[in-house]
Amino acid sequence: FPFPYAPYRIQEQFMEALYDALEAGRVGIFESPTGTGKSLSLICGALSWLRDWEEKRRQEEERLLALGAGGQDAAGQPDWVTAFVQSKEERDRVDRLKEEHIRRKKREDTLEKIRHNVQLKYAAKRKRCEEDEAKRLLQLSKEALSQGAGEGVLDQLDHNEEELILAEYESDDEKKVVSGLEEDDDDLEEEHVTKIYYCSRTHSQLSQFVHEVQKSPFGKDTRLVSLGSRQNLCVNEEVRRLGALQLINDRCMEMQKNKHEKKSDEENEGKKRRVSRTVCPFYSYEQMQFLRDEVLVEVKDIEQLVSLGRETKACPYYGSRFAIPAAQLVVLPYQMLLHEPTRNAAGIKLKDQVVIIDEAHNLIDTITCIHSAEVSGSQLCCAHSQLSQYMERYRKRLKAKNLMYIKQILYLLERFVAMLGGNVNQNPGCQAVSQTGTVLKSINDFLFESQTDNINLFKVQRYCEKSLISRKLFGFVERYGGPASAVKINKENQKLAGLQNFLLSLQQGSDKEGTPQSPPVEAEHDQLRTASPLMQIEGFLSALTNANQDGRVILNRQGTVGQSSLKFLLLNPAVHFAKVVEECRAVIIAGGTMQPVADFREQLLCCAGVDPARIVEFSCGHVIPPENILPIILCSGPSNQQLEFTYQTRDLPQMMDETGRILCNLCNVIPGGVVCFFPSYEYEKQVYGHWEKTGLLSRLSAKKKIFQEPKKANQVEQVLVEYAKCIKRCSQTGGQMTGALLLSVVGGKMSEGINFSDDLGRCVIMVGMPYPNIRSPELQEKMTWLDKTMPRAAGQAPSRVLIENLCMKAVNQSIGRAIRHQKDFASILLLDHRYARPAIFNKLPQWIRERTQVKPAFGSAFAELRK
């Protein structure tokens with residue numbers, strides 16, 4: 001494959017290793033620096049294997065089908081001859097192959113028809129226009145009839161409150177309950193062909209990847225489907241306006257439920273007609289089937305998919321899901337694949353499929369984060385108040401099962417607040433916590449101490465999910481729980497004054513009597529409206545259903561009950577990754593910087609029960625020649641001050657002065673951009689302030705314009721644009737100023753996913769070693785768990801290995817920002833003598849490690865940099 005990114009030698013090694021791993025059904029850990037065109041090489045190698053695999057399958061099918069046809073000719077033979085030639089299992093398999101062959105032929109014919117018959121598209125579009133015009137005329141006639149009917153309008157507003165009532169819930173028949181999708185769309189069920197699931201971290205990375213596939217040799221004849229969340233794919237403006245992902249999900253599910261309830265209501269002619277509920281106009285089976293076929297015909301990214309959905313008046317979210325069975329390549333964020341409920345809801349079946357997880361350097365952290373949850377005391381109290389008011393208002397309209405579950409949820413909320421030392425009936429912002437601090441408990445201990453061990457959390461979680469109670473509660477609060485000025489107080493909602501006052505007290509910071517102290521802040525009000533606290537609590541309840549040994553509950557008591565929180569911390573990510581590696585034919589975990597890989601092998605794969613013989617590692621070199629990179633470990637500065645940035649020494653004035661002197665010397669000789677990484681925002685701010693006092697900052701500013709990484713994500717783009725403009729301007733005009741200096745933070749916005757190529761990053765400097773905060777309760781519990789469950793490696797405790805690995809993963813990600821293509825060049829400076837220790841040195845990426853020089857004195861290092 002003639003890619004411009006890499007020499008064929010490296011690319012060929014990468015492809016061969018990938019092909020072998022897929023053919024043998026391995027779990028591969030692949031490391032390939034960005035310059036090799038890693039993502040595209042991954043997919044082209046995988047699609048090459050898939051083509052060969054499909055050809056082998058086709059040949060095998062033809063052989064078995066021929067054998068089946070031969071068996072029919074021998075119908076006159078004795079039974080024992082027939083049994084000898086063709087066993088029952090083989091006959092069943094032949095029957096399945098025949099059915100699949102018919103389905104595949106039908107699918108291929110349909111796609112070919114769409115590909116070549118343009119008239120079909122225009123006919124469908126004309127039909128949609130006619131339907132839209134008919135709906136518009138019908139709406140106009142309804143409006144004309146309703147003019148002057150004021151009483152009818154008021155009745156309709158009263159009836160609309162029906163939407164807030166929970167439907168009857170039968171907890172004993174959960175297995176029988178089927179979603180609307182399964183109810184009507186049985187003919188969409190299709191056997192999943194062997195396919196590749198390609199996952200990456202962000203929506204933008206996936207879009208870039210799809211564009212590369214479109215340009216590749218496979219772009220014309222690959223059936224590719226892009227998956228995303230409703231937030232990215234929804235085309236219903238009424239739903240999109242809700243903003244928050246959880247609200248969009250709940251509203252969409254409610255609209256699907258309304259569609260099916262509407263049918264049953266129409267059938268009950270003898271009963272009182274119920275109010276019509278909102279149904280999504282884009283959820284049309286015929287149009288989604290058309291969209292599904294369009295998606296399979298041509299490779300489209302998410303933006304193109306959304307445009308197609310608007311044009312065809314079909315839902316891209318469900319239409320893309322319908323296309324999964326027939327697709328060869330499915331592109332999705334890896335959060336969707338790693339979370340089993342989301343995976344199942346999307347219709348993703350991993351049995352005998354291939355999964356490629358790209359940008360997987362933080363895979364363990366991602367799995368841990370997905371399955372962890374945190375709720376604050378104010379959220380618990382707010383949810384309890386809302387749910388209490390909801391139950392009181394609709395008590396006579398709710399079925400017994402609904403009331404039972406609501407009371408269980410209220411009891412759980414009450415006990416959780418009590419564990420934080422508070423009372424749900426008082427304002428959480430005014431309740432002081434007597435015993436502050438952080439306490440860790442096992443799941444069982446937490447449930448016993450909170451006196452909630454007698455409640456079946458699995459059933460409560462299932463109830464929350466099926467009944468859409470958080471959505472109903474949000475609608476209730478939207479209608480009755482806003483500021484007093486926005487709610488008309490009448491006989492019906494006078495009972496809700498307590499809820500309004502409570503919400504106002506949370507929003508405005510009232511005193512104990514509930515008197516507002518200041519006008520509400522608009523931003524806080526928006527946040528209150530767009531997030532129901534019960535949604536967050538549902539995630540916490542779900543987390544508590546993990547096995548006792550796999551997680552911990554952290555009680556963080558701070559100041560007031562409102563500021564305190566309950567957090568579930570997942571300790572064993574392998575339990576949620578095990579099903580992926582068990583079901584898949586092959587799993588490839590890939591990244592540009594995967595070192596150190598021991599974490600993946602031990603914490604993720606071995607703990608998931610993967611046979612060590614099934615794990616294969618591959619790491620290829622970089623595309624740049626050796627002379628294009630100069631990594632240096634610097635042990636001391638210009639004044640012979642030893643560089644050791646520990647927590648005890650890094651705050652010393654002489655250490656900050658020495659760092660400044662090093663930067664001044666480097667900025668005098670290095671053209672273009674210099675990127676300097678600090679361990680934290682706090683330390684970067686402290687050093688910057690010190691340099692301002694000593695005058696060193698003005699000396700630096702004479703050679704390089706200084707930029708600082710912002711904490712807010714929406715300001716990063718602006719800083720990067722100004723940084724690039726400054727470097728370009730200095731290179732064109734010349735003069736005393738030679739470029740720019742960017743002060744960044746390890747693990748911040750600029751340490752991952754940003755390309756400091758060419759003049760944007762001629763030197764990357766790492767100040768100290770960014771060890772994580774070892775005093776963190778979460779990290780301490782993780783270390784304790786590792787020491788209990790993992791074997792010692794090379795005489796080191798697993799907890800110590802974890803700390804070093806977390807540090808070096810962050811370092812490797814940051815220093816890899818500079819070299820981005822085959823002709824790029826840069827120097828890398830590691831300021832700390834501890835980098836020279838063998839245990840640390842060996843955790844650098846191989847392509848950097850084999851070219852690294854250790855310099856005890858600054859003079860020799862500076863001489864190398866000048867060259």
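Predicted model: local features only at pLDDT ≥ 70, side-chain atom pairs only at ≥ 80, totals over all residues.
Good morning, colleagues. I shall begin with the chain as a whole. The model contains 36 helices and 18 strands. Of the 867 residues in the chain, 52% are buried. The exposed surface comes to about 41000 Å², and carbon and sulfur atoms supply 50% of that area. Contacts also reach across the sequence: among those between residues at least 6 apart, 81% join residues at least 24 apart.

I turn now to the sheets. In general, the strands of a sheet pair through backbone hydrogen bonds, in either a parallel or an antiparallel manner.

Four strands form an open antiparallel sheet in the order E6-E9-E8-E7. Which strands stand at its edges? They are strand E6, residues 373–376, and strand E7, residues 437–442; each has a single partner strand, so one side of each is left without a neighbour in the sheet. From one strand to the next, the twist averages 15°. Within this sheet, E8 and strand E9, the latter spanning residues 560–570, are joined in the antiparallel sense over seven bridges. To locate that pairing on the screen, please find Ile 554, which stands opposite Lys 567 in E9.

Helix H18 lies across E6 and E9, running at about 70° to E6. The helix is mostly covered, with 13 of its 18 residues buried. H18 covers residues 377–394, and at 1.5 Å a residue its 18 residues should span 26 Å; the end C-alpha atoms are 26 Å apart, so the two values agree.

Asn 546 sits in the loop between helix H25, residues 533–543, and strand E8, residues 551–558. Is Asn 546 buried or exposed? Its relative accessible area is 15%, and because this falls under the 20% limit, the residue counts as buried. Its side chain makes a polar contact with the side chain of His 576, at 3.0 Å. Beyond its sequence neighbours, Asn 546 touches Ile 443, Phe 568, Leu 570 and His 576.

The other sheet is open and parallel, with seven strands in the order E14-E15-E13-E16-E17-E12-E18. Its edge strands are E14, residues 704–708, and E18, residues 853–855, each of which pairs on one side only. Here the twist averages 20° from one strand to the next. Strand E16, residues 763–767, and strand E17, residues 826–831, pair in the parallel sense over five bridges. Met 766 stands opposite Leu 830 in E17.

Helix H30, residues 696–703, touches E14 and strand E15, residues 739–745, and its direction makes about 115° with that of E14. Helix H31, residues 716–733, touches E14, E15 and strand E13, residues 672–678; its direction makes about 155° with that of E15.

Finally, the loop between E14 and H31 holds Pro 710. With a relative accessibility of 9%, Pro 710 counts as buried. What surrounds Pro 710? Leaving aside neighbours within four places in sequence, its contacts are Tyr 681, Gln 715, Val 716, Val 719, Lys 749 and Met 750. Pro 710 and Val 745 are 35 residues apart in sequence, with their C-alpha atoms 9.6 Å apart in space.

Thank you for your attention.

Conventions
Residues numbered from 1 in each chain as written. Heavy atoms only, no water. Helix = DSSP H or I, 4+ residues; strand = E, 2+ residues; numbered from the N terminus. Buried < 20%, exposed > 50% of the residue type's maximum accessible area, 1.4 Å probe, protein only. Polar contact = N/O pair within 3.5 Å; in protein donor to acceptor, adjacent residues only side chain to side chain. Contact = heavy atoms within 4.5 Å. Pairing = 2+ DSSP bridges. Axes fitted to C-alpha atoms, helices over the stretch in contact; angles between N-to-C directions. Areas by Shrake-Rupley, 256 points an atom, 1.4 Å probe, with all protein chains shown as cover. Expected span 1.5 Å × (residues − 1).
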